[in-house]
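Please examine the sequence and the structure shown below before reading on.

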Amino acid sequence: MSGKAGKGAAGRGKSKGGKSVSRSKKAGLQFPVGRVHRYLKNGKYATRVGAGAPVYLAAVLEYLSAEVLELAGNAARDNKKSRIIPRHIQLAVRNDEELNKLLGGVTIAAGGVLPNIHSVLLPKKSKSSEKKAE
């Protein structure tokens with residue numbers, strides 16, 4: 001007798017009749033790990049793709065999109081809107097130092113520009129207006 005008991009839940013291999021669990025669910029992600037893996041393989045970025053690479057990449061993509069969406073949602077709320085439009089994404093990205101650096105060479109369609117008036121172009125405060133204010 002080999003001394004081994006029957007294969008239980010702790011044994012290796014797939015259990016019979018059990019529901020399959022996606023890699024996204026295992027990693028606790030919303031982004032699809034399987035799809036990212038397929039894109040990495042079909043994109044010919046490398047001859048071989050490890051098992052951890054798509055999980056890591058999906059996690060990074062999920063984090064970045066969540067960050068942008070949170071900041072864009074704040075920008076939409078500041079403008080008293082309930083929907084995020086490209087303008088809100090533009091304001092969110094350009095007002096955040098790190099996202100602006102990451103997306104520096106990116107043009108967001110219908111995003112517009114940041115409101116900015118050079119200080120030289122602003123009207124000068126005259127002495128007469130300063131006296132009236134006092």
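Which residue with a positive phi follows α3? In this predicted model, α3 is followed by Lys80, whose phi is positive, near 60 degrees.

Helix α3 itself comprises 26 residues, which should span 38 Å at 1.5 Å a residue. In turn, the buried residues of α4 pack against α3 (53-78) and α5.

| Helix | Buried residues |
|---|---|
| α3 | Pro54, Ala58, Glu62, Val68, Ala72, Ala75, Ala76 |
| α4 (residues 86-95) | His88, Gln90, Leu91, Ala92, Val93, Arg94 |

Ala58, one of the buried residues of α3, also belongs to the largest nonpolar core, together with Leu29, Val33, Val36 and Leu40. Of the 5 residues in this core, helix α2 (residues 33-42) supplies the largest share, namely 3. Among the core residues is Val36; apart from its neighbours within four places in sequence, Val36 is in contact with Pro54, Leu57 and Ala58.

The surface presents another nonpolar feature. Ile117, Val120, Leu121 and Leu122 form a nonpolar surface patch of about 450 Å². Leu121 is located in the loop between α5 (97-102) and α6 (127-133). Why does Leu121 count as exposed? The relative accessibility of Leu121 is 67%, and a residue counts as exposed because its value is over 50%.

How values were computed. Residues are numbered from 1 along each chain as its sequence is written. This is a predicted model: local features need pLDDT of at least 70, side-chain atom pairs count only at pLDDT 80 or more; totals for chains, interfaces and linings use all residues. Side-chain values use heavy atoms; hydrogens and water are left out. A nonpolar core is a set of buried Ala, Val, Leu, Ile, Met, Phe, Trp, Tyr and Cys residues joined through side-chain atoms within 4.5 Å. Buried means under 20% relative accessible area, exposed over 50%, partly exposed in between (1.4 Å probe, protein chains only). Helices (H or I, at least four residues) and strands (E, at least two) are DSSP runs, numbered from the N terminus. Contact means heavy atoms within 4.5 Å. Patches are made of residues with over 30% relative accessible area and no salt bridge: like charges are joined within 9 Å, nonpolar side chains (Val, Leu, Ile, Met, Phe, Trp, Tyr) within 5 Å. Accessible areas come from the Shrake-Rupley method with a 1.4 Å probe; for residues, only the protein chains shown count as cover. A salt bridge is a side-chain nitrogen of Lys or Arg within 4 Å of a carboxyl oxygen of Asp or Glu. The expected span of a helix is 1.5 Å times one less than its number of residues.
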